[in-house]
Amino acid sequence: MTHPETMAGGGQYNEHSTAQLSAAARAFPLLREAAAVAPPTSGGLLTIADYGCSEGRNSLAPMRAAIEVMRRVNSADTPISVVHTDLPQNDFSSLFATVAADPGTYTGSNIYTSAVGESFYQHILPPHSVSLGWSSIALHWLSAAPGPLDGIWYTDGSQSQRDRWAQQAADDWARFLDARGRELVPGARLIIVVGSADPAGNSGAESVMTTLRLVAGDMVEAGRLPATSLTPIPAWYRTAAEWQAPFPHADFTLDHFDEVVLGDPIAEQNVDGDRAQYARDVAEAIRVSFGPSLLAAIPSEDRAAIEHELFTERLTAAIGEDTAVGFEWRLAIMSLSRSAAD
């Protein structure tokens with residue numbers, strides 16, 4: 001089974017994930033509500049768990065929002081712990097540098113930060129140790145690709161292939177909830193904002209991913225890319241029905257569920273309407289998010305040159321030439337309450 005790679009490191013994901021940050025802000029009202037009622041652990045500690053932190057820049061604003069509310073409703077000497085989690089191969093050096101450089105979130109007395117390098121599809125924190133959970137633009141990743149696809153994107157492939165991937169997505173979602181059920185303090189809330197799909201299963205990224213597959217095919221024909229070197233990207237964008245399927249749940253109540261269609265946030269950030277700049281921004285966003293998983297099978301000594309040609313040159317050019325290629329971002333926003341009794 002093919003496991004997901006982390007986002008591009010060295011500060012690249014921080015630089016090219018502004019759309020993810022703007023999407024996450026849609027869940028801040030729910031996050032503040034949850035922070036206001038976050039129960040302390042048995043030792044009197046308030047702990048925020050950030051499930052899927054990457055390099056950390058997109059975690060600063062939500063952690064700041066939660067800490068500000070916790071400080072307002074609790075005594076000043078209440079210790080607050082922020083635990084960032086991601087895969088073991090995540091660029092934690094960039095995370096630590098980002099946290100250390102931010103003066104507005106983590107400074108002040110009795111605020112402590114740490115990180116855990118483990119998949120959030122397993123139990124990674126002690127039982128009843130989390131007062132508030134947050135996960136932003138992370139749960140579309142599967143724990144592993146369950147098998148081949150006739151392409152690179154989850155909407156590619158035969159019906160039998162897609163059924164197998166859908167089952168993996170359902171199993172992973174159940175595992176995530178089981179793990180968080182053990183970790184959250186009874187009465188704590190878990191706030192999730194994540195990319196989702198329409199009832200037909202489409203995320204809105206299909207035109208971009210189809211273009212990526214076509215330009216990769218051109219590279220194969222030109223002898224620039226080995227024919228069997230691309231790895232299907234282990235992601236699945238769940239529909240509203242798939243997100244809601246586990247409820248009612250033994251550990252959680254689904255208090256809030258909403259779907260938001262954002263349009264194209266990368267286009268909205270391109271205030272000048274410059275198609276060439278838009279193409280560069282989209283290609284870079286795809287590269288830092290999905291490139292490491294797509295190119296994982298390519299020898300490391302060849303990867304940088306192939307990545308540059310595939311994304312920076314060919315995908316950018318193709319998007320710039322075809323105005324039909326773009327996004328329609330769709331989000332699922334959820335607030336879950338941990339049952340008060342086990």
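A25 is partly exposed, with a relative accessible area of 35% (buried means under 20%, exposed over 50% and partly exposed in between, using a 1.4 Å probe and protein chains only). A25 sits in the loop between α2 (18-24) and α3; helices are DSSP runs of H or I of at least four residues, strands are E runs of at least two, and both are numbered from the N terminus. In sequence, A25 and S136 are 111 residues apart, yet their C-alpha atoms lie 9.4 Å apart in space.

The model is predicted: local features need pLDDT of at least 70, side-chain atom pairs count only at pLDDT 80 or more, and totals for chains, interfaces and linings use all residues. Residues are numbered from 1 along each chain as its sequence is written, and side-chain values use heavy atoms, with hydrogens and water left out.

Confidence was examined next. The protein has a mean pLDDT (the predictor's confidence in each residue, from 0 to 100) of 90, and 93% of its residues reach 70 or more. Helix α1 (residues 12-15) has the lowest confidence, at a mean of 47, and helix α8 (residues 240-244) the highest, at 98. The pLDDT is below 50 over residues 5-9; beyond near neighbours in sequence, this stretch has 21 contacts in the model (heavy atoms within 4.5 Å).

Seven strands form an open sheet in the order β3-β2-β1-β4-β5-β7-β6, with mixed pairing. Two strands pair if DSSP finds at least two bridges between them. The edge strands, β3 (111-117) and β6 (252-263), each pair on one side only. On average, neighbouring strands of this sheet are turned by 15 degrees against each other, direction ignored. Strand β2 (residues 80-86) runs parallel to β3 over seven bridges. S114 in β3 is the bridge partner of V83. Helix α5 (residues 92-101) packs on the sheet and touches β2 and β3; its direction makes about 170 degrees with that of β3. Axes are lines fitted to C-alpha atoms, for helices over the stretch in contact, and angles run from 0 to 180 degrees between N-to-C directions.

Helix α3 (residues 28-36) has F28, L30, L31, A34 and A35 buried. These residues lie on the same side of α3, because they cover an arc of only 155 degrees around the axis (taken from the directions from the helix axis to the C-beta atoms).

R287 belongs to helix α10 (residues 275-294). R287 is buried, at a relative accessible area of 6%.
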